[in-house]
Each structure stands twice: as C-alpha cells, then as structure tokens.
Amino acid sequence: MKQKKSITGVLLGKMSSHKRATTIAKTYTKCPYCVSYISIGCTIVGVFSLPQDHKWWLEWVVEYPEETLGLKCAEVFFTQKVKTTSPWSCGEVKPILKRAPCGADCEECFRYQKECEGCPATIYYINN
C-alpha cells in the first residue's frame with residue numbers, strides 16, 4: 001500500500017450518558033484510524049491518525065454529531081506538530097471485514113468511491 005501523508009485529529013464530544021460514552025469509546029478503539037479513544041463521564045476523547053484527504057471525516061462528526069457518532073455535540077482539533085500512528089499507518093489491518101469496525105457500511109455510504117476509498121479494515125477499501 002502506498003503510504004499517504006497523515007494528519008492527527010483530536011475529537012472531543014459529549015454523550016447523553018456515561019454508559020453510551022463508554023460504549024462508543026469501546027467501539028471506536030477498533031477503527032483503523034484510531035490511535036486512542038476514551039470516555040470520561042459523558043465526555044469522549046478520540047485521537048485519530050488519518051490520510052490528509054480524509055480531514056472531512058472528522059469534520060463531518062462536528063457538523064453532524066448525532067447522525068455520525070450519536071454525540072450531543074463535538075469539536076475537533078488538528079495538530080500541526082504532534083504526529084501519531086495507528087494500525088492504518090502500518091498499511092495492514094487484519095482480518096479484512098465486510099463491515100467497518102465502527103459499524104459503518106462503506107458500500108452504502110454516499111461518500112464511498114467519491115471522497116472516500118472505504119475503511120482500510122474492510123473488503124471495500126480501494127487500495128486492497
């Protein structure tokens with residue numbers, strides 16, 4: 001897989017309950033772009049390393065927090081100097097799945113094959 005330039009984004013969000021925050025944190029730790037994802041009370045904090053051309057992916061969460069992750073509200077910050085790594089940056093995710101670890105269905109997403117190459121953990125990833 002050709003290595004792309006990456007960006008690091010820090011996502012902060014509020015959930016309706018501590019239980020939902022814990023559940024979403026456990027779900028997204030499996031995301032191939034995720035470096036770290038934790039919940040503290042009703043707050044979630046996620047650190048992501050993703051291709052530069054996927055900046056929209058985290059911005060989308062801020063625009064539509066309820067629809068994307070079930071959050072009440074969200075903010076994202078992109079770092080300039082802090083670099084991180086994730087399984088995505090290693091270029092290999094196993095096993096290759098039909099559905100993304102977060103539950104998203106690439107095949108049904110309107111951004112797939114237009115703005116997005118699909119999740120690297122799935123069979124729909126264009127660079128597989």
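1. Let's start with a polar contact between S49 and T84: a polar atom of the S49 side chain lies 3.4 Å from the backbone oxygen of T84. A polar contact here is a pair of N or O atoms within 3.5 Å; within protein, one must be able to donate a hydrogen and the other to accept it, and residues adjacent in sequence count only if both atoms are side-chain atoms. Please keep in mind that this is a predicted model, in which local features need pLDDT of at least 70 and side-chain atom pairs count only at pLDDT 80 or more, while totals for chains, interfaces and linings use all residues. Residues are numbered from 1 along each chain as its sequence is written, and side-chain values use heavy atoms, with hydrogens and water left out.

2. Is S49 buried or exposed? S49 counts as buried because its relative accessibility is 1%; buried means under 20% relative accessible area, exposed over 50%, and partly exposed in between (1.4 Å probe, protein chains only). S49 sits in strand 3, where 7 of the 9 residues are buried. Strands (E, at least two residues) and helices (H or I, at least four) are DSSP runs, numbered from the N terminus.

3. The 4 strands form an open sheet in the order 2-3-1-4, with antiparallel pairing; two strands pair if DSSP finds at least two bridges between them. Strand 2 and strand 4 are the edge strands, each pairing on one side only.

4. Look next at the partners of strand 3. Strand 1 pairs with strand 3 over 9 bridges, in the antiparallel sense. Here T8 has S49 as its bridge partner, and V10 stands opposite V47. Strand 2 also pairs antiparallel with strand 3, over 6 bridges, with I38 opposite V45. In the hairpin of strand 2 and strand 3, 2 residues lie between the strands, and G41 takes a positive phi near 65°.

5. Which residues touch the most other members of the largest nonpolar core? Of its 23 residues, they are L11, Y37, I44, F48, W57 and L69. A nonpolar core is a set of buried Ala, Val, Leu, Ile, Met, Phe, Trp, Tyr and Cys residues joined through side-chain atoms within 4.5 Å. Among the elements giving two or more residues to this core are helix 1 (18–28) and helix 2 (55–63). Apart from it lies another core of 6 residues, including C106 and Y124.

6. Leaving aside neighbours within four places in sequence, L69 is in contact (heavy atoms within 4.5 Å) with L11, M15, I24, Y28, Y37 and V61.
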